[in-house]
Amino acid sequence: MFFGLTIEKLLLIGVIAALIIGPERLPKYAESLARLTKRARETMQGAKTRMRDEMGPEFDEVDWRKLDPRQYDPRRIIREALLDDTPTATMRAAGAAALATQAATDKPTFVAGEKPPFDDEAT
């Protein structure tokens, strides 16, 4: 189910709601719940139709499972990256280390006593 709710929990909530609401008002609340559900379904269908109209024919070609954020487990991604022994990963790590040591040993390009360069657009 969703939000950790199981059938048993939903039944218990329904029984408690029926006891609190009472038999006189229960049909009115059931009818309003049905209207709310129908309106929500129509809204979702309208959003899907609007999305299909705006995206055009590519909408049906999109693999929606690939865009599901639940599939991205950061622990798995990091573990795979650390266990990846391909030469490109090793070259990237070596390149990053070389850039870090080069940045640490580089001398500034301005002369002492001179104002350092200032970028007006950066602030």
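Predicted model: local features only at pLDDT ≥ 70, side-chain atom pairs only at ≥ 80, totals over all residues.

Visitor: How many residues does helix α2 have, and how far does it reach?
Guide: Helix α2 covers residues 26-55, which is 30 residues. From its first C-alpha to its last it reaches 43 Å, close to the 44 Å expected at 1.5 Å a residue.

Visitor: And what follows α2?
Guide: Gly56 does, and its phi is positive, near 80°.

Visitor: Switching to charges. How many salt bridges are there?
Guide: The count comes to four. One of them joins Arg35 and Glu31, with the closest N and O atoms 3.9 Å apart.

Visitor: Where do Arg35 and Glu31 lie?
Guide: Both are in helix α2, four residues apart, which is about one turn of the helix.

Visitor: OK, which residue does Asp63 form a salt bridge with?
Guide: Arg65, and the closest N and O atoms are 3.9 Å apart. Asp63 is partly exposed at 38% relative accessibility, while Arg65 counts as exposed at 68%.

Visitor: What about Arg75, what's its partner?
Guide: Asp73, with the closest N and O atoms 3.4 Å apart. Arg75 is exposed, at 62% relative accessibility, whereas Asp73 is partly exposed, with a relative accessible area of 25%.

Terms used
Residues numbered from 1 in each chain as written. Heavy atoms only, no water. Helix = DSSP H or I, 4+ residues; strand = E, 2+ residues; numbered from the N terminus. Expected span 1.5 Å × (residues − 1). Salt bridge = Lys/Arg side-chain N within 4 Å of Asp/Glu carboxyl O. Buried < 20%, exposed > 50% of the residue type's maximum accessible area, 1.4 Å probe, protein only.
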